[in-house]
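Hi there,

Here is the model I promised to pass on.

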Amino acid sequence: MEFITINTFWTILLIIHGLLAIALLGALTHQAVAVALPVRAPAAGFITRYRAVPSAGYATAVCVLWVLTFIMGAWIYTKYRYYIRIPLEELGYWKTVAFFDLKEHMVSFGLGMLPIYWYLWKNPRVAPFDSARKWLTVVLCVICWFVFLTGHVLNNARGFGT
Amino acid sequence: MTATTTTTPAAAETKAPLSAFGKFALVFGITFVVMYVLCVFKGWPLFSYHPATNRFAWGYELARRGEGPVMYWYGWIVLCAIVGSITGTLATFLPDRIAQRIPLALTWILPIVALPLMLYTLMGLLTR
């Protein structure tokens, strides 16, 4: 790769990782809001229309985006461990490092729950699945927000190219 | 007096049969999270990865002098996926009446329960 520097290459990967995460965050938040606060009357304002989306249609997209974002993150993680984490430790950013580790744990839990999440959403009319479907979606959404914000803060502390 | 196995309408409404994939997915998810927590606490990676030298080693291996840090996370993920797939596949053979006894709520409760456990493992960094 002589047409691009190593730093630029990894920065591009990080940006793709971030863009995938934003798409995932949008889809999952939309779905979680719709399932946690369902609209029973015809949509009126922006907030009501936001809540009124057909949630089931998001399930496959959420699974695909979660896996793609995970793969990109796992790829970048090798360089993070060597070029980002060591300087952060030398600077004494222990809490930042700890929260990044927590982010890896939480995103892994989400990965493990994707098959059952997809299954529950592929059976949207099965009433006994309603509660698990709703709360699993909300938990995945909270994990996604936590992971996204932690990654964002870490990139502010020391991103690729710094 | 004969014992009956009939269920009340209310009980019947709270359970629904899972397809073979449903059983797999439910048990896979539960096993994945439980196994992940065990891996972190016990230090059970399937393999260790040395990013500076791009070297893999089976099982748990400490960082080597002059070779930079060692990573276990990939080894945990792969091990959890393998164990989860095995238990999930076995779960597809479970009769419906047994599979229905596995609470679906575990799918969202387990990650919440695991959160403080993970925080506990990071206390060394958080309180430094």
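Let me start where the two chains touch. Leu102(A), His105(A), Phe109(A), Met113(A) and Ile116(A) in α4(A) meet Thr107(B), Pro111(B), Ala114(B), Met118(B) and Leu119(B) in α5(B). By "meet" or "contact" I intend that the C-beta atoms of two residues, placed from the backbone, lie within 7 Å. Sorted by class, this contact of α4(A) with α5(B) holds eight nonpolar, two polar and no charged residues. The classes are simple: Ala, Val, Leu, Ile, Met, Phe, Trp, Tyr, Cys and Pro are nonpolar, Asp, Glu, Lys and Arg are charged, and the others, Gly among them, are polar.

Before going on, some housekeeping. This is a predicted model, in which local features need pLDDT of at least 70 and side-chain atom pairs count only at pLDDT 80 or more, while totals for chains, interfaces and linings use all residues. Residues are numbered from 1 along each chain as its sequence is written, and chains are lettered from A and ligands numbered from 1 in the order in which they are written. Helices (H or I, at least four residues) and strands (E, at least two) are DSSP runs, numbered from the N terminus.

Back to that helix pair. The axes are lines fitted to C-alpha atoms, for helices over the stretch in contact, and the angles run from 0 to 180 degrees between N-to-C directions. The crossing of α4(A) past α5(B) is right-handed, a term for a near helix turned clockwise from the far one by less than a right angle, with anticlockwise giving left-handed.

Across the whole interface, 27 residues of chain A are in contact with 35 residues of chain B. On the chain A side, α3, α4 and α5 (130–157) are the elements that give two or more residues. The most come from α4(A), with 15 residues. By class, that side of chain A divides into 19 nonpolar, four polar and four charged residues.

Now chain A by itself. Its secondary structure comes to five helices and zero strands, and its C-alpha atoms fill a box of roughly 55 × 30 × 30 Å along the principal axes. Among contacts in chain A between residues at least 6 apart in sequence, 75% join residues at least 24 apart.

Two helix pairs inside chain A are worth a look:

- α1 (residues 6–36) and α3 (residues 59–91) of chain A pack at about 150°, with axes 9 Å apart. That makes α1(A) roughly antiparallel to α3(A). α1(A) passes α3(A) in a left-handed crossing, and their contact has 18 nonpolar, four polar and one charged residues.
- The axes of α3(A) and α4(A) come within 10 Å and cross at roughly 165°. This pair, too, is roughly antiparallel because of that angle. The crossing of α3(A) past α4(A) is left-handed, and the contact divides into 11 nonpolar, three polar and three charged residues.

Phe9(A), in helix α1 of chain A, counts as partly exposed because it has 13 C-beta neighbours inside 10 Å.

His50(B) stands opposite Arg55(B) in β2(B). Which residue of the hairpin takes a positive phi? With four residues between the strands, the hairpin has Asn54(B) at a phi near 55°. Most residues other than glycine have a negative phi. Asn54(B) is exposed, with 8 other C-beta atoms within 10 Å.

Finally, Arg128(B) sits in the segment after α6 (123–126) of chain B and is exposed, with 11 C-beta neighbours inside 10 Å.

Best wishes

Note on methods:
Parallel < 35°, antiparallel > 145°, perpendicular 65-115°, else oblique. Pairing = 2+ DSSP bridges. Buried ≥ 20, exposed ≤ 12 C-beta atoms within 10 Å, placed from the backbone.
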